[in-house]
Amino acid sequence: MDAETSPVTLQNPPEAPQKLVYRSRLPVRIWHWLNALSIFALLMSGATIFNAHPRLYWGKFGANYDQPWLVIGKRGQEGFLALGGLEIPTTGFLGYTPYSTKAIPPLFTIPNYYSLAEGRQWHFFFAWVLVISLIAFLIYAILSKHLSRHLAITSEERKPSHLWQDIKQHARLRFPTGEAARAYNPLQKIAYLGVIFVLIPVVILTGMTMSPNLNAAFPFLLDIFGGRQSARSIHFLCAAAFCAFIFIHLLMVVLAGPINELRSIVTGWYRLPSARKDLL
Amino acid sequence: MISRRGALIGASGLLLSGCDRITTSPTVRKMLTLGEKATLTGQRLVTDRNALAPEFTRADLSPRFRVNGNFMPKSPIYASHLANGFADWKLEVGGLVGRPMTLTLAQLKAAPQRTQITRHDCVEGWSAIGEWTGVPLALLLRQTKISDKAQYIVFHCADDFSGIPYYESIDLIDAMHPQTILAHTMNRQPLPVGHGAPVRLRVERALGYKQAKYVMRIEAVASLAGIHGGKGGYWEDRSGYQWFAGI
């Protein structure tokens with residue numbers, strides 16, 4: 001039994017309101033919102049593009065006569081998602097809804113009707129926003145030491161025992177309080193570093209690998225990802241990973257105090273949370 | 001009182017009509033074309049004009065190559081050409097050229113040939129690998145003494161969609177590229193009707209809609225304005241697909 005679970009004595013005076021600290025600098029906040037906008041636009045316009053051929057393959061080629069590993073489709077008035085040999089009914093959600101027969105319904109697509117040409121216009125516009133803002137952010141993060149000071153995992157945090165402790169605290173939905181809440185916690189750092197250095201670069205590179213023109217310029221991209229259709233599949237899996245990240249990210253914001261978190265990513269100012277009173 | 005359900009439906013309705021207003025706004029559409037311009041400029045900047053599209057081996061061929069677009073041109077002229085095995089068919093090469101030509105299928109086959117196993121990428125997302133044999137377009141354009149004023153090569157086709165003829169265009173960088181050929185042979189067989197018999201364009205660094213099938217006439221032009229809808233191709237005119245189909 002560790003100290004944290006010991007009951008807080010009732011003699012403690014009521015906590016004074018915690019102070020506001022300046023946690024996120026302007027370039028970080030700008031990048032966050034520009035990124036949020038482009039990722040949403042890319043996911044939704046990407047859904048339109050996926051609807052043009054809602055089948056995914058591994059390898060150099062893949063079309064209707066070839067074996068897909070994932071299909072979202074419809075049979076009569078029933079929607080389904082086929083993953084390998086497994087078929088999951090998705091009527092009303094994917095493949096077939098009362099108002100749409102496309103794989104991903106218009107509520108989740110840009111534009112909110114089926115137009116591959118327009119979906120592509122949106123996708124490639126925001127792809128440029130994503131690429132340019134990532135490069136600008138990386139230059140800023142390195143030069144301002146945001147990367148080394150706030151995002152880099154310290155040698156202490158890298159210890160398995162420390163990480164395990166952090167996982168346990170997250171699983172119990174206990175977030176750092178007081179001065180400890182000033183910095184990102186290790187799992188948070190891993191999530192952010194994963195998005196910045198793995199997810200966004202891989203989604204950009206697999207996107208480029210799907211370009212027949214860039215295949216001529218950078219043929220090694222095809223070798224890295226195992227062919228154009230594999231790159232397309234990985235691109236889609238990255239999109240799924242973005243959805244998972246967004247879900248967990250928003251969940252954490254809600255659990256950690258949505259007003260305080262939103263204020264900090266809009267204005268930069270964050271109120272350090274008081275110690276937990278959950279045992280009172 | 002407004003029920004939660006009613007409020008949700010109302011809110012999503014507002015959101016959707018808001019989306020409609022954004023996606024149909026001319027300002028937004030104009031802004032989005034910046035992406036297309038950046039893509040054309042950026043891709044041309046990093047791609048050598050002679051950089052080759054990847055070529056594959058016969059082991060990589062798609063077992064079955066999907067037919068897309070028109071399967072069979074509806075015009076009576078095409079039907080008569082097909083009936084006599086394209087014996088009287090002639091390809092016209094004209095426009096801004098010093099010496100316009102007409103070529104029979106036999107003449108095209110007698111010219112120097114290039115064979116390549118390449119991947120066909122449809123704008124929808126699927127790919128198929130096929131082997132193509134044909135005459136390099138650069139060879140024909142040099143023989144016709146193409147003018148310095150020519151900026152684009154337009155391909156007029158025998159097929160149509162609801163009476164609107166198919167056509168496509170490429171710039172001289174793609175036209176002079178070593179892999180840009182007029183293919184008459186696919187997978188070592190005469191080009192099937194579904195794939196564009198007797199001759200289709202292969203421009204290997206671009207998406208499928210650029211690979212014009214049933215090519216009847218090739219025209220060198222200084223500008224795409226005034227040709228059909230003016231955007232350089234059937235799908236560009238009809239649905240706003242990007243003229244530069246490098247991605």
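**Strand pairing, chain contact and domain arrangement**

In chain B, strand E1 (residues 90–95) and strand E10 (residues 215–221) pair in the parallel sense over four bridges, where strands are DSSP runs of E with at least two residues and helices are runs of H or I with at least four, numbered from the N terminus, and where two strands pair if DSSP finds at least two bridges between them. Within this pair, B:Val93 stands opposite B:Ile218 of E10(B). The model is a predicted one, in which local features need pLDDT of at least 70 and side-chain atom pairs count only at pLDDT 80 or more, whereas totals for chains, interfaces and linings use all residues. Residues are numbered from 1 along each chain as its sequence is written, and chains are lettered from A, with ligands numbered from 1, in the order in which they are written.

The two strands belong to an open sheet of five strands in chain B, with the order E2-E1-E10-E5-E6 and mixed pairing. Its edges are formed by strand E2 (101–104) and strand E6 (164–171) of chain B, each of which pairs on one side only. On average, neighbouring strands of this sheet are turned by 20° against each other, direction ignored, the axes being lines fitted to C-alpha atoms.

Between the chains, 42 residues of chain B are in contact with 34 residues of chain A, a contact being defined by C-beta atoms, placed from the backbone, that lie within 7 Å. On the side of chain B that touches chain A, two or more residues each are given by helix H1 (4–24), helix H2 (26–46), strand E3 (114–121) and strand E4 (127–136) of chain B, and H2(B) gives the most, with eight residues.

Chain A comprises nine helices and six strands, and its C-alpha atoms fill a box of roughly 75 × 45 × 35 Å along the principal axes. Of its 280 residues, 29% count as buried, that is, with 20 or more other C-beta atoms within 10 Å of their own. The domain assignment, which is automatic or taken from a database, gives domain 1 (18–52 + 115–271) and domain 2 (55–103) of chain A, and 28 Å separate the centres of these domains, taken over C-alpha atoms. The contact between them takes ten residues from domain 1 of chain A and nine residues from domain 2 of chain A. Helix H1 (26–52) and helix H8 (228–256) of chain A are the elements that give two or more residues to the domain 1 side, with H8(A) providing the largest share, six residues.

Notes: A residue is buried if 20 or more other C-beta atoms lie within 10 Å of its own, exposed if 12 or fewer, and partly exposed in between; C-beta atoms are placed from the backbone. Axes are lines fitted to C-alpha atoms, for helices over the stretch in contact, and angles run from 0 to 180 degrees between N-to-C directions. Two residues are in contact if their C-beta atoms, placed from the backbone, lie within 7 Å.
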